[in-house]
Amino acid sequence: MVFAYRGQPLMLKSQVTITKKNAFKCLISLKAFIWFGCVDRCRKGNPSKSRCYKKIILLASFLGLLNGCSNQDPSTENRINEEKVSPKAVVEESRADAIRSHMAMRQYYSQLIKNDEVSNPYYGNTLVKRYEKALSLASKDNNRSAMAGLMARLGLALVDYGSIEEGIERLNQSYKLYDSLPLPKNTLGELAYAIGVAHMRLGETENCCANHVAESCIIPFAKSAIHSNRRGSEEAIRFFAQAINTKGVLQKTKYRSMWLINLAYMTLGDYPDKVPVEYRIPEKAFETEVQFKKFKNVAPDLGLATDSLAGGVIVEDMDGDNDMDVIVSSWEKSESLRFYENQGSEGFIEKTKITNLNEIPGGLNLTPADYDNDGDIDIYVSRGAWLWDQGKIPDSLLQRQDDGTYLDVTYMAGMGRENYPSQAAAWADYDNDGDLDLFVGNEHSLSNGAIAERNGQVAGIVAPSQLFQNQGDGTFIDVAELAGVKNYRFCKGCSWGDLNNDRWPDLVVSNLSGENRLYINNRDGTFKDMAQEAGITEPFNSFPVWVWDFNNDGLQDIFIAGYTGSTSSYMRYALGERIENAPQTFGHYIAQGDLKFKNLAKVQGLDGPVLTMGANFGDLNNDGFLDFYLGTGQPDIAELVPNQMFFNERGLAVHDVTMAIGMGHLQKGHAISFVDIDNDGDQDVFQQMGGAKRVDKYRDSLYANPGHNNHWIKIRLEGVISNRSAIGAKIKVTIGGGERSIYRSINTGGSFGANPLQEHIGLGAFKKIDKIEIFWPTSNTSQVFSNISADQSIVIKEGDESFKKVNNISFLIDGYSTQ
């Protein structure tokens, strides 16, 4: 009999003869195994009883091979030994199954991609074809009012599809036709706004895209980023001004036009001087209270400025050579995942084809972990988000092979049976059995009219969330119903953490247009939603989420970012307008103990409008407190708002340092990762860029940290009894003679973007660490290491009495000093 442990095939064999005298001991051992290995799960109602049966069968087979447990003679024993299956054969059979699963998924997506290029409501050409046909019919009937409306819709669809100048032509035709009709003149004001947006996009395409530099589209605009081709922005200014000054135009349209006209002036280098004072954004709106060293976008220099639509990112040591590699995705399914290998001072080399990722269709989010405990990082790819019924397509589980390639083992793992639209997934060992399970947050919209309305009269669908329990043999079973975590809300983010400090992972689920969830682990395979009792149901419209220790008090806190507002609300906020009793836009929940949380968002300055999508956290200045970066935007190409960086002041306050740090990118911001990409001891920030529409592609960014003269330590944990990735393990670092402690838990950070599983901990001015304490929830064991030097990378293996130092080779980024 052959089975696998941590990815290695093991043989069950016996050289022991068991007689009638000790046969009773065999039975006693069997009963003990069944009792201790299975009953603890089964008696608690654990949904995966199959594990119990597998263990029973496994042991029974094992005993069957023992000579004393049967009447086999020595010749039979010899024959069994001769017929042993080799480990190589087992590996080859497993790989063959993986290849079959991989090829089945390729076949499925080969046809879907062809259809997707046409039918996708965001980047397909269905709307263009539909409006062209309708316009043709209206023209035959000489229905001038219908023609005007259809020309406008066609123009907007053409711009979204990337045919900008053709779209502008159609919009102009619509304007002339509307102007000739006996309609209220505010109609022309609304159309003027739309034409202004089209010209604004033309300016971006001709300058930020066609003549891209590292500083493009980042406010405040550097001299190198000023548009040399001025026609797009100049025309945008003309039409936005018309919209603003048209009597009867919607207030929302007026404020949106005011916001965008300021941006258009910025692209020409004419803000603030040439912006009419009556709709100028005050300069103080772009001032930073706390000064911060400026980061520079070095992605073009390092070969990482991938041009794509919205997607995910993993930054991790994927090949085990002690430096960080990058994997990015686009939600456009015809665009495969892309792998960039870190070559140090030589930059990054794309190895997409070599790693087989060119055969993996795109997805909106990527979630890494070593699910099979074999020592390398596997990947879960989320797909179907924002697509309602059209999004009921398979996600992918990618297993890294020994040769460095990836195979899609979704079907083999039993995960592709029920498919729903999703972009949120999170790994954890929720049942503390030593392997990682996966929660997949799906977008349920059947009972939520607000969600259907967002997508334009699209019927809602049933989409329960899923909890895949790892069976330890490469397969998973969805136990969400028995666990009580089906959610039945429009999930946009999910994150695990031990929120009541009982060793068992709890689950936070962020829902759009619905209350958030806090599923507390009952330690018997089930969960209880205690969001109401804990006080974390808001924001009502939320997106990314994470669990962290914001103030280093040893209690895990929760952060939930909102997804509400528009350029209109940004403009009103910049003008100083505030709405009394406005709903919360941030859930900055600080733990008070006993599963009670207090939202300190408004107290700490997080009260503005926010359109958060990608998000993550890290320590920008190595002071030991976690800062965070929010990617912003909406599918609408007009929603241009800066991505925002927030600095954590010793757990007491939050400051927006976006303008000072140079990370106020206007393009749509998606997955984010904080990572020391150049091994110089401080965290840089990678951001996957690009929007939903075909016209909204953009290049990814990597912001290099200039350094802040503080100390640090990087710790990678390796589970033995616990899961190999060490997800859920806790770290406590004590410095300053015991005066200060820093707390971390192993995870990949926020729900949209993946930090490395290596923990980067800033130490401030301290050059020595008094104590490092590691707690392993699964084995309920601790390790303590004392008197450790700062400024090094170490690996700590569960149960070992010493740690291993890792030799990281640093390299120079854009003139910034390294070690």
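Pro220 sits in the loop between strand E3, residues 218–219, and helix H9, residues 231–245. Keep in mind that this is a predicted model. The bond to look at there is the one joining Ile219 and Pro220: it is cis, with omega about 0°.

Where is the other proline I want to show you, Pro539? Pro539 lies in the loop between helix H14, residues 531–534, and strand E22, residues 542–548. The peptide bond from Glu538 to Pro539 is cis, and omega is again about 0°. For background, most peptide bonds are trans.

Now phi. Most residues other than glycine have a negative value. Asn322 is not a glycine, and its phi is positive, near 70°. Look for Asn322 in the loop between strand E6, 313–316, and strand E7, 325–328.

Arg523 is in the loop between strand E20, 517–521, and strand E21, 527–529. Its relative accessible area is 43%, so Arg523 counts as partly exposed.

Next, the helix pair. Helix H8 covers residues 186–209 and packs against H9 at an angle of about 165°, with the axes 7 Å apart. That angle is over 145 degrees, so H8 runs roughly antiparallel to H9. The crossing of H8 and H9 is left-handed. On the H8 side, the contact residues include Leu188, Ala192, Ile195, Met200 and Glu206. On the H9 side, they include Arg231, Glu235, Phe239 and Phe240. What is the make-up of this contact? The residues divide into 11 nonpolar, 7 polar and 3 charged.

Last, the cores. In soluble globular proteins, nonpolar side chains tend to be buried together. The largest nonpolar core here has 84 residues. Which members touch the most others? They are Leu260, Phe559, Phe628 and Leu630. H8 turns up again: H8 gives the most to this core, with 10 residues.

Zoom in on Phe628. Set aside its neighbours within four places in sequence. Phe628 is then in contact with residues including Trp546, Trp548, Phe559, Leu606, Phe617, Met645, Phe646, Val654 and Phe674. Asn616 and Gln644 are also among its contacts.

There is a second, separate core of 53 residues. Among its members are Ile379, Val409, Ala425 and Ile774.

Key: Residues are numbered from 1 along each chain as its sequence is written. This is a predicted model: local features need pLDDT of at least 70, side-chain atom pairs count only at pLDDT 80 or more; totals for chains, interfaces and linings use all residues. Side-chain values use heavy atoms; hydrogens and water are left out. Helices (H or I, at least four residues) and strands (E, at least two) are DSSP runs, numbered from the N terminus. Buried means under 20% relative accessible area, exposed over 50%, partly exposed in between (1.4 Å probe, protein chains only). Axes are lines fitted to C-alpha atoms, for helices over the stretch in contact, and angles run from 0 to 180 degrees between N-to-C directions. Angles under 35 degrees count as roughly parallel, over 145 as roughly antiparallel, 65 to 115 as roughly perpendicular and the rest as oblique. A crossing is left-handed if the near helix is turned anticlockwise from the far one by less than a right angle, and right-handed if clockwise. Contact means heavy atoms within 4.5 Å. Ala, Val, Leu, Ile, Met, Phe, Trp, Tyr, Cys and Pro count as nonpolar, Asp, Glu, Lys and Arg as charged, and the others, Gly among them, as polar. A nonpolar core is a set of buried Ala, Val, Leu, Ile, Met, Phe, Trp, Tyr and Cys residues joined through side-chain atoms within 4.5 Å.
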